[in-house]
Amino acid sequence: ILKLKEQSAQISLTDRSIVFNTELTSLFELKNMLTIAEAVVRSALHRKESRGAHFRTDFPIKDYSNKHIFIKNSGKDMIITTAECKV
């Protein structure tokens, strides 16, 4: 995903129109999807258990400690923090 993000920075647009520029819209959508994909993967790697759609063969058993994972995109890096679930 990081390599794809690097490659997406090199994409050049041929459509220079200001209104209804579908190329520009598609580029924004691609960059947003890659950011979300990176956040999902980082979250899955941070969690040392299988949870929801994330199944880890190295941690097959669910951990019911109910921890939330928060990811903040600082622009350059993604900062991961955890917090206890308050039920």
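Mentor: Start with a definition: buried means under 20% relative accessible area, exposed means over 50%, and partly exposed is in between, using a 1.4 Å probe and protein chains only. This is a predicted model, where local features need pLDDT of at least 70, side-chain atom pairs count only at pLDDT 80 or more, and totals for chains, interfaces and linings use all residues. Residues are numbered from 1 along each chain as its sequence is written, and side-chain values use heavy atoms, leaving out hydrogens and water.

Side chains of opposite charge can pair when their charged atoms come close. A salt bridge here is a side-chain nitrogen of Lys or Arg within 4 Å of a carboxyl oxygen of Asp or Glu. The count is five.

Take arginine 56 first. Its side chain meets that of aspartate 58 at 2.7 Å, N to O. Arginine 56 is buried, because its relative accessible area is 14%. Aspartate 58 has 46%, so it is partly exposed. Elsewhere, salt bridges with shared partners join Lys5, Glu38 and Arg42 into one network.

Now look inside that network. Lysine 5 and glutamate 38 meet at 2.5 Å, N to O. Lysine 5 is in helix H1 (residues 2-8) and glutamate 38 is in helix H2, so this pair ties together parts 33 residues apart in sequence. Helices are DSSP runs (H or I, at least four residues), numbered from the N terminus. Lysine 5 is partly exposed at 27%. Glutamate 38 is buried at 8%.

Finally, arginine 47 meets glutamate 49 at 2.7 Å, N to O. Arginine 47 is buried at 18%, and glutamate 49 is buried at 4%.

Note on methods
Helix = DSSP H or I, 4+ residues; strand = E, 2+ residues; numbered from the N terminus.
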